Amino acid sequence: MSSQSVLVIGGGIAGIQASIDLANMGLQVYLVERTPSIGGRMAQLDKTFPTNDCSMCILAPKMIECAGHDNVHLLTYSEVDEVRGEAGDFKVTVRGKPRYIDLAKCTGCGECTEKCPRRVPDEFNMGLDKRKAIYMPFPQAVPRKMTIDAENCLYFAKGGCRVCEETCQAGAIDFEQQEEVLELEVGAIVIATGFDPYDPAALKEYGYGEIENAITGLEYERLICASGPTEGHLRRPSDGKVPQVIAFIQCVGSRDVNYKSYCSSVCCMHATKEAILANEHYPALRSFIFYTDMRAVGKQFQEYSIRAKDEYNVSYIRSRPGRITVDEQSSNPIVWYDETVFGEAGDSVRRVASKEVELVILCQALVPRGVHREMAENLGLELDESGFLAIQDRLACPVDTSVPGIFACGFCQSPQDIPDSVVQASAAAARVAELLSPNSRKPGDA
Amino acid sequence: MPKTRVGVFVCHCGNNIGGVVRVPEVVEDARHLPNVVCVEDNLYTCSEEGLSSIKEQIAEQNLSRVVVASCTPRTHEPLFKEACEEAGLNRYLFEFVNIREHCSWVHRHDPARATEKAKELVRMGVAKARYLEPQEEFESEVFPAALVVGGGVAGMTAALSLANQGIQVYVVEREEKLGGLVRELRTLFPTEQDTGELLSPLMEQVRGHPQITVYLGSEVENVEGFIGDFQVTVGSDGQNSELQVGTVIVATGAQELRPSGMYGYSTLPNVVTQLEFEESFKSGADLPPNVVMINCVGARVPERTYCGRFCCSTAIKNAIWLKEQDPDAKVSVLHRDVMAYGVDIEDSYRGAMELGVRFLRYDIQNPPQVLGAKRAEAVKVQHQLMGKEVILPADLVVLTTPLVPREDSERLSKMLKVPLGTEGFFLEAHLKLRPIEFSTDGIYVCGSARYPSSIPESVSQAYAAAAKAGIPIRDGSVRVEAITVFCDERTCSACGNCVEVCPFGAVELEEGKFGRIASVSVAQCKGCGCCVAACPSGAMQQRGFDDRQLLSMIGALAEGMVSGGGR
Amino acid sequence: MQDRLHDIVRKLLGEGTIEYFIGYGAGSEPHRVVPCFVTSDHEVERLVWGPLCLQNLSKYVLQAKDLEGKAGVLVKGCDTRAIVELLKQHQIEREEVVVIGVACQGQVDPRTLEEVLGVPMEQVQGVEDAGDQFVVTIGEDERTVAKEQVLLGKCLYCRHPSAFEYDFTLGEIVPFSIDAGESEFAMVEELERLSVEERRAFWQKQFARCIRCNACREVCYACYCKECIFDRKMPRWLDKPPLLSENEIYHLIRAVHLAGRCIDCRECERVCPMNLPLSRLYKKVQKDIAELFDYEAGIELDEVPPLVSFELDDQDPFM
Amino acid sequence: MAVEGSETGGNGFEPKILMFACNWCSYAGADLAGVSRLQMPANCRVIRVMCSARVRPEFVITALSKGLDGVVVLGCHPGDCHYSEGNYFTRRRGLFLKKLLEYVGIEPERFQVRWVSASEGAKFADTVAEVTRQVKALGPNRPRRNAQ
């Protein structure tokens with residue numbers, strides 16, 4: 001009978017949901033997460049569409065349930081090294097990066113962080129503010145433990161410091177900690193590595209990186225979030241002013257044969273939500289969404305975008321902007337796009353128009369995690385030409401990868417939003433349950 | 001009744017608490033509280049040595065209650081309850097007092113009043129602890145079988161997945177054959193496989209699987225009971241059979257909107273829906289040279305605001321099929337947005353354009369008009385981009401309509417006591433994080449019964465439903481946290497307030513020893529306590545949050561405010 | 001009217017349709033009318049009807065529940081609202097009770113009658129209804145007084161429900177129409193216009209006078225709990241001594257329990273030995289329930305009470 | 001930012017305020033305010049309940065009549081309730097109770113209902129500061145405490 005344990009790679013909402021379902025089925029789950037805390041991209045969101053639930057409110061209970069489950073073994077700050085064997089009997093080595101913190105002793109109190117002198121850009125807040133070298137990714141992190149970021153810690157750089165060691169009353173700092181390598185035997189593997197935002201700087205015409213007030217969707221999310229760097233005040237990067245007119249540009253890098261030919265599926269609703277949040281915070285604020293096709297395809301999505309138009313001062317302009325320039329002294333971005341103007345005689349003329357706004361949000365394409373390609377080779381998995389994990393039979397087995405016994409759910413295998421990722425996570429759990437259940441036939445059957 | 005012996009453990013949490021709250025004073029103050037027999041403070045109560053000191057005190061002092069004053073119960077309560085249980089004390093004789101997040105961390109500049117507040121919070125915690133009672137978590141048996149309502153692609157996939165996990169499954173299908181809506185298709189999207197390639201293996205395995213029993217031409221007549229023990233009556237042409245199952249999956253799918261009265265449908269013979277096109281034209285009928293498809297028919301309109309999600313990909317599939325059969329055919333698709341989300345549909349959308357399919361955008365204000373008296377001859381449309389009117393010759397007009405809920409969903413929703421959403425599809429527990437579960441435990445939904453879903457999405461949801469429906473069965477029993485409500489038979493006057501307010505239908509009026517009283521189904525009760533607040537006579541109480549406990553906390557706080565504070 | 005009542009009751013008792021009839025009977029003194037329970041034919045004579053039949057007899061139906069046979073009850077238009085509520089709150093079944101509605105043309109408030117006539121009630125031999133006046137016999141002579149001067153407070157705003165289907169009716173049940181000259185909530189609005197301090201002073205003075213005799217609870221149709229929370233030892237909601245804080249808790253909690261149930265029968269005020277202006281408290285309850293939730297107790301049998309239901313778009317000042 | 005601490009000036013009166021917080025949203029919001037170290041006045045004491053719908057109006061009446069200076073019931077935003085409908089009842093009960101208490105002379109600020117979600121730490125802190133300020137301005141619920 002194959003081993004009754006499962007490896008889940010990726011601690012975002014998909015990985016968490018798959019782990020909870022598998023653990024509730026009585027299987028032993030090893031959840032490997034690259035960063036110090038589970039939560040993934042969803043932890044960075046302020047609200048989620050279309051219900052405007054606060055993201056952390058619905059994510060934190062799942063994180064606590066997952067980490068607290070007897071059958072789930074959390075391996076955070078770790079990566080999968082090597083995978084051998086086949087369905088029912090995989091041998092996996094997992095490399096645990098040293099946190100230089102004794103997890104049993106650390107209570108996540110945060111005294112060390114206050115004293116640590118070293119400040120570095122905070123990835124969780126998309127680099128918009130700083131964190132210390134000894135840090136917890138976000139207040140509701142699970143596990144609620146500190147981590148020392150060896151690359152930026154002064155002690156590792158040039159010796160000395162160790163201020164955190166002095167302040168920690170629990171004696172949890174341990175600079176001698178070594179990398180741990182773990183050998184696991186699992187019956188199946190579920191991949192849920194999620195997505196990275198595509199760097200919009202590639203599209204020179206939008207000037208990301210040069211135009212200060214052109215930011216990405218995720219950066220906006222951190223600005224508008226109550227636990228973000230500006231505590232929810234939408235302060236634009238150039239002068240900290242709260243913009244009264246903002247523009248969202250869709251399909252930045254998506255649906256574009258020069259960059260990513262596919263549609264990332266979530267950005268239309270993501271932009272609509274962010275526009276609603278802006279107006280919720282600042283009732284006088286107006287927002288424009290430059291779109292090609294307004295893809296509001298899920299449950300309650302149409303009603304959500306209608307409400308955006310009727311109640312939240314959002315207007316949709318069907319056009320793909322050609323360029324963004326900036327007005328030097330006001331540092332306001334100016335969006336250049338083509339529009340069709342109808343004369344009275346029913347004739348129409350196409351002309352270039354411009355709209356000066358105070359903040360531009362680029363809704364960039366979303367791509368599988370950077371580390372995803374190397375992991376795929378490592379596990380012998382095929383990728384499709386867009387870089388997603390290839391699924392042999394999309395219709396009958398939508399979560400089975402090219403390697404029997406390895407399943408993939410969430411954004412790593414195709415662009416999808418949170419509910420679809422959660423569904424695919426449970427689907428992967430079902431496929432694992434079938435594979436590992438005693439009287440199941442060989443994995444080749446459907 | 002042996003005197004209640006309360007142990008209080010006040011935590012320093014390093015100096016997170018101790019740095020602001022003068023813990024020794026709190027410890028002293030707690031010593032004088034009624035029934036308190038031992039008070040301790042530790043640097044880290046949640047550390048190994050903190051937990052072991054609690055266990056020791058429980059043994060040494062024979063404690064019958066434990067109160068820990070430290071951080072937040074939301075993360076640490078399970079940890080301390082575990083420790084109490086290991087020391088032989090019922091885990092519900094434990095009370096948590098938050099003096100970190102709610103006290104020391106937020107009153108850093110006012111240690112005096114933070115200490116005063118911590119003392120009062122401990123007093124309130126001890127006051128409640130004195131009235132805590134041991135509880136046993138209720139376990140109800142789960143019958144090892146599942147019911148799947150609907151034998152379409154979603155129903156069959158869910159049934160097979162459960163059966164492959166070794167679970168007995170009953171599938172109830174209304175039609176005489178399995179296959180559902182997909183059976184009416186010829187080719188599938190995006191793989192352009194023939195429908196049989198997907199359906200035949202599924203149908204064979206379902207019919208052949210030893211763990212699956214199929215009832216064709218049958219309907220669910222009645223469902224009673226709750227998670228773990230549903231009694232289901234299935235009616236097949238006249239005679240009923242009784243089934244007992246632990247969980248239920250709704251996979252009843254949806255039906256194509258027949259847009260009568262729109263664009264000449266049902267009056268002009270050559271105006272058909274996508275499904276009718278699939279049946280009639282794909283079986284070899286001669287193909288018309290000019291085909292105009294109109295999308296968003298009866299969708300994203302005021303009377304039906306939702307988007308049909310995959311009708312655009314159906315239109316693209318059939319447009320591509322037409323161009324492949326006859327490259328010179330003129331195929332145009334009139335749309336308001338092309339919902340080609342994801343990788344595959346976007347590729348096909350670009351592929352269709354490369355094959356010469358014309359996509360024209362129209363506006364809801366001036367929709368296309370089908371011209372022709374007895375037969376459709378052309379379609380006039382205001383081209384939104386070019387801003388001028390275009391007349392497209394049309395030998396065949398294909399209307400792309402969304403799926404709409406089945407008429408009898410209402411009946412099934414009443415039987416299962418699960419809600420329908422505003423559009424008439426089944427309403428899930430949580431749109432984002434529990435998309436295929438109902439708030440009523442033990443019942444799940446997948447496929448277009450929840451919302452129009454393409455085949456891969458319906459199949460994913462089917463597997464997900466199988467995972468969820470399998471869990472209670474594999475576990476064999478369902479544990480309910482002992483914070484449920486109970487009704488005191490002697491004092492209940494059966495006024496019915498509790499029955500009205502319960503969001504989960506867990507309370508009903510029944511004949512009891514003392515006449516009619518409210519009776520609670522513990523398995524259904526989620527422990528919100530709404531009924532307790534609605535009960536004038538206080539007959540309904542909630543374990544762990546009963547009126548004695550909460551009132552004594554108020555009393556402890558109001559102590560000394562008024563002579564004769566409520567003890 | 002009284003004879004028709006006797007005939008009906010005698011017929012019902014005779015046929016055995018009812019085993020027990022609740023009506024009004026002459027009291028120990030001529031001006032007093034008291035509830036009267038008739039089980040056999042010869043007692044029917046004791047039943048009376050007139051403008052002094054103040055009590056709301058509905059609550060007595062609850063005692064008849066443990067009889068095998070049915071109970072008959074005589075109800076005025078306003079009393080039926082209690083029957084509707086008792087049905088709605090599952091305390092009685094419709095087939096358990098035979099309801100006889102009587103065409104009431106307003107009841108006399110003894111206290112105001114004494115003030116208007118300047119004569120103690122003890123000397124009043126009887127009161128007769130004479131259209132828009134009452135004829136009061138005192139000793140030998142008779143005096144007439146305009147109805148609107150001496151009516152019960154609630155009769156001034158009589159608009160009894162027509163929703164109720166009586167089993168029998170005595171006379172045509174029609175709302176007793178009289179122009180009270182002000183809104184039925186006038187006495188509440190008057191208090192609402194005061195400042196918070198003035199209102200506190202007013203009510204604290206009233207609550208301080210309460211001796212907690214529980215008469216208002218015993219007479220109220222809605223206080224049918226087997227064991228009232230105030231009588232329970234654990235948890236102890238009230239301390240025994242009638243301190244101001246305890247009295248205030250008692251009256252405010254009763255008001256909350258009456259939210260959506262109070263039918264404005266004002267029996268509590270009538271029976272209060274200390275004359276607390278309880279109707280000014282419960283009128284406020286009715287006013288808020290009507291304004292907030294557009295609901296009136298005892299009118300529609302199948303309408304769900306307001307505090308055990310909700311609307312998604314309820315007003316929400318708490319955002 | 002929440003205004004901080006107690007101005008010991010003026011009459012030095014420090015109100016004592018009772019707060020009911022629901023386990024899923026407002027208690028979590030209070031925790032987040034703590035985690036984010038948002039300083040606030042120390043006048044409020046929180047009682048945790050599973051849902052704001054568990055808070056009986058009788059508790060509020062008893063607390064105020066026993067002399068506490070203020071009572072606040074916190075719950076999830078309508079639509080966010082963990083039990084899907086609980087806070088709809090809290091809303092109706094709050095609407096009715098607020099009017100009743102004002103009618104018998106209890107200042108409106110002494111009983112409030114507020115919706116606080118799990119991520120609204122700042123809103124929790126602001127609510128504590130605002131209610132404390134309002135109730136302090138009203139002065140003690142003394143008439144009730146001593147007048148016997």
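These legends describe close-up views of a predicted model.

**Figure 1. Contacts among the chains of the model.**
Five pairs of chains are in contact, and chains A and B share the most contacts of these. On the two sides of this pair, 75 residues of chain A are in contact with 72 residues of chain B. Chain A also touches chain D, where eight residues of chain A are in contact with seven residues of chain D. No contact joins chain A and chain C; the closest C-alpha atoms of these two chains lie 13 Å apart.

**Figure 2. The interface of chain A and chain B.**
About 6100 Å² is buried between chain A and chain B, and carbon and sulfur atoms give 55% of that area. A:V297, A:K299 and A:L395 together supply 15% of the area that chain A buries against chain B, more than any other three residues. Eight salt bridges are found across this interface, along with 27 residue pairs in polar contact, both residues of each pair being at pLDDT 80 or more.

**Figure 3. Secondary structure on the side of chain A that touches chain B.**
The helices that give two or more residues to this side are α1 (13-24), α2 (55-68), α3 (111-115), α8 (301-311) and α10 (418-436) of chain A, and the strands that do so are β20 (332-342) and β21 (348-356) of chain A. The most comes from α10(A), with 13 residues. Sorted by class, the residues of chain A that touch chain B are 35 nonpolar, 21 polar and 19 charged.

**Figure 4. Salt bridges at B:E428.**
The side chain of B:E428 meets that of A:K299 in a salt bridge with an N to O distance of 3.1 Å. Within chain B, the side chain of B:E428 also forms a salt bridge with that of B:R450, at 2.5 Å from N to O. B:R450 is in the loop between β23 (443-445) and α11 (455-475) of chain B, while B:E428 is in the loop between α10 (409-416) and β23 of chain B, so this pair ties together parts that are 22 residues apart in sequence. Over all chains, the count of salt bridges comes to 99.

**Figure 5. The interface of chain A and chain D.**
Chain A and chain D bury about 730 Å² between them, with 56% of this area on carbon and sulfur atoms. The side of chain A that touches chain D has five nonpolar residues, one polar residue and two charged residues.

**Figure 6. The largest cavity.**
The whole structure holds 15 cavities of 30 Å³ or more, and the largest cavity has a volume of about 230 Å³. Its lining consists of 19 residues; those nearest the centre of the cavity are B:F96, B:N98, D:Y27, D:V46 and D:R48. Elements that give two or more residues to the lining of the largest cavity are β4 (94-98) and α4 (111-129) of chain B, together with β2 (44-49) of chain D. By class, the lining of the largest cavity divides into 11 nonpolar, three polar and five charged residues.

Notes. Residues numbered from 1 in each chain as written. Chains lettered and ligands numbered in written order. Predicted model: local features only at pLDDT ≥ 70, side-chain atom pairs only at ≥ 80, totals over all residues. Heavy atoms only, no water. Contact = heavy atoms within 4.5 Å. Buried area = accessible area lost by both parts, 1.4 Å probe. Salt bridge = Lys/Arg side-chain N within 4 Å of Asp/Glu carboxyl O. Polar contact = N/O pair within 3.5 Å; in protein donor to acceptor, adjacent residues only side chain to side chain. Helix = DSSP H or I, 4+ residues; strand = E, 2+ residues; numbered from the N terminus. Nonpolar A, V, L, I, M, F, W, Y, C, P; charged D, E, K, R; others polar. 1 Å grid on protein atoms, 1.4 Å probe; cavity = no way out; pocket = protein on both sides within 12 Å on 5 of 7 lines; lining within 4 Å. Points joined across faces, edges and corners; volume = space filled by probe spheres on them.
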